[in-house]
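Colleague: I'm new to this one, could you put it up and walk me through it?

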Amino acid sequence: MEGKQARTPLIAGNWKMHKTVAEAVELVEGLLKADLPAPVEVLVCPPFTALSEVAKIVAGTKIKLGAQNLHWEKQGAYTGEVSPVMLAELGCEYVIIGHSERRQYFGETDEAVNRKVKAALEHGIKPIICVGESLAEREAGVTEELIQRQVRAAIAGLSAAELASIVIAYEPIWAIGTGKTADGPEANRIGRLIRETIAAVDRAAGEVVRILYGGSVKPENFAEFAAQSDIDGALVGGASLKADQFAAIVRVAVV
Ligand code: PGA
């Protein structure tokens with residue numbers, strides 16, 4: 001097997017700043033009751049406060065656990081931050097890094113993203129690195145250049161083995177939470193560009209890295225993305241907050 005067939009699809013739910021502990025428990029229990037097809041990796045990323053309870057519920061099930069952010073240091077005087085050691089202890093297999101909301105509202109730079117990516121990998125947590133252009137950048141014709149810069153900066157200094165374990169989420173900022181999506185072929189074109197950017201550093205890693213599409217993904221629109229040669233799943237925000245909708249997206253991922 002090679003190409004897309006060799007890559008297991010990943011559907012990741014980014015719950016953002018939603019769900020109290022009680023609500024998170026209800027959502028994940030709903031998901032466990034849903035029919036989730038075997039050949040898809042299913043991941044939920046609750047807020048930090050709910051990680052511990054959700055971890056207990058998903059232990060030994062098909063659903064994997066991820067966080068939405070981390071700090072790069074193991075411990076220290078960093079008020080309000082959460083370290084990779086703490087996330088690994090809870091059983092987080094993945095962490096979302098460099099989401100556009102973090103870049104936009106919390107000043108996260110390409111350099112910070114790179115430090116976080118390295119810290120996650122050092123602790124055995126797979127980073128889901130988010131990249132994407134704003135509407136102004138798209139209209140100015142700088143999308144390709146920006147995406148390549150974000151990807152190159154995020155992966156700087158990684159070994160070939162580390163590179164092979166990362167996930168990249170292409171999320172055009174203008175498509176997040178807006179109901180607008182890129183069309184399938186256009187998302188695939190950028191997915192291909194991301195893959196080639198990684199392959200330029202390590203050819204084998206370029207083949208195995210999974211690339212997700214994100215931005216207003218719903219059960220009704222995901223088939224168009226799932227069918228693309230260089231898209232291996234989705235990072236889902238709004239539609240991941242309802243068990244039936246998220247499960248429906250997981251089912252669409254099997255193509
Ligand atoms: P959305 O969010 O699905 O609500 O557009 C996606 C994301 O920001 O990860």
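Modeller: A term to begin with: a polar contact is a pair of N or O atoms within 3.5 Å, and within protein one atom must be able to donate a hydrogen and the other to accept it, while residues adjacent in sequence count only if both atoms are side-chain atoms. This is a predicted model, in which local features need pLDDT of at least 70 and side-chain atom pairs count only at pLDDT 80 or more, whereas totals for chains, interfaces and linings use all residues. Residues are numbered from 1 along each chain as its sequence is written, and side-chain values use heavy atoms, with hydrogens and water left out.

Colleague: Ok, which atoms lie 2.8 Å from an oxygen atom of the ligand?

Modeller: A polar side-chain atom of lysine 16 is at 2.8 Å from a ligand oxygen atom, and a polar backbone atom of glycine 238 lies 2.8 Å from an oxygen atom of the ligand. Glycine 237 has a backbone N or O atom 2.9 Å from a ligand oxygen atom.

Colleague: How much of the ligand does the protein bury?

Modeller: The protein buries 94% of the 280 Å² that the ligand exposes when taken alone, with accessible areas coming from the Shrake-Rupley method with a 1.4 Å probe, where for residues only the protein chains shown count as cover.

Colleague: And which residues around the ligand come nearest?

Modeller: There are 14 residues around the ligand, and Lys16, His99, Glu171, Gly177 and Ser216 come nearest; a residue is near a molecule or strand if one of its heavy atoms lies within 4 Å of it. By class, that shell has 5 nonpolar, 7 polar and 2 charged residues, where Ala, Val, Leu, Ile, Met, Phe, Trp, Tyr, Cys and Pro count as nonpolar, Asp, Glu, Lys and Arg as charged, and the others, Gly among them, as polar.

Colleague: Switching topic, what lines the largest pocket?

Modeller: Its lining has 19 residues, of which Met17, Gln68, Asn69, Arg102 and Phe106 lie nearest the centre of the pocket. On a 1 Å grid over the protein atoms alone, a pocket is an open set of points with protein on both sides within 12 Å along at least five of seven lines, and lining residues have an atom within 4 Å of a point. The elements giving two or more residues to this lining are α2 (48-58) and α4 (100-105), and α4 provides the largest share, 3 residues. Helices here are DSSP runs (H or I, at least four residues), as are strands (E, at least two), numbered from the N terminus.

Colleague: Where is glutamate 186, and what does its side chain contact?

Modeller: Glutamate 186 is in helix α9 (residues 184-199), and its side chain makes a polar contact with the side chain of arginine 138 at 2.9 Å. Arginine 138 belongs to helix α6 (residues 135-139) and is partly exposed because its relative accessibility is 24%.

How values were computed. 1 Å grid on protein atoms, 1.4 Å probe; cavity = no way out; pocket = protein on both sides within 12 Å on 5 of 7 lines; lining within 4 Å. Buried < 20%, exposed > 50% of the residue type's maximum accessible area, 1.4 Å probe, protein only.
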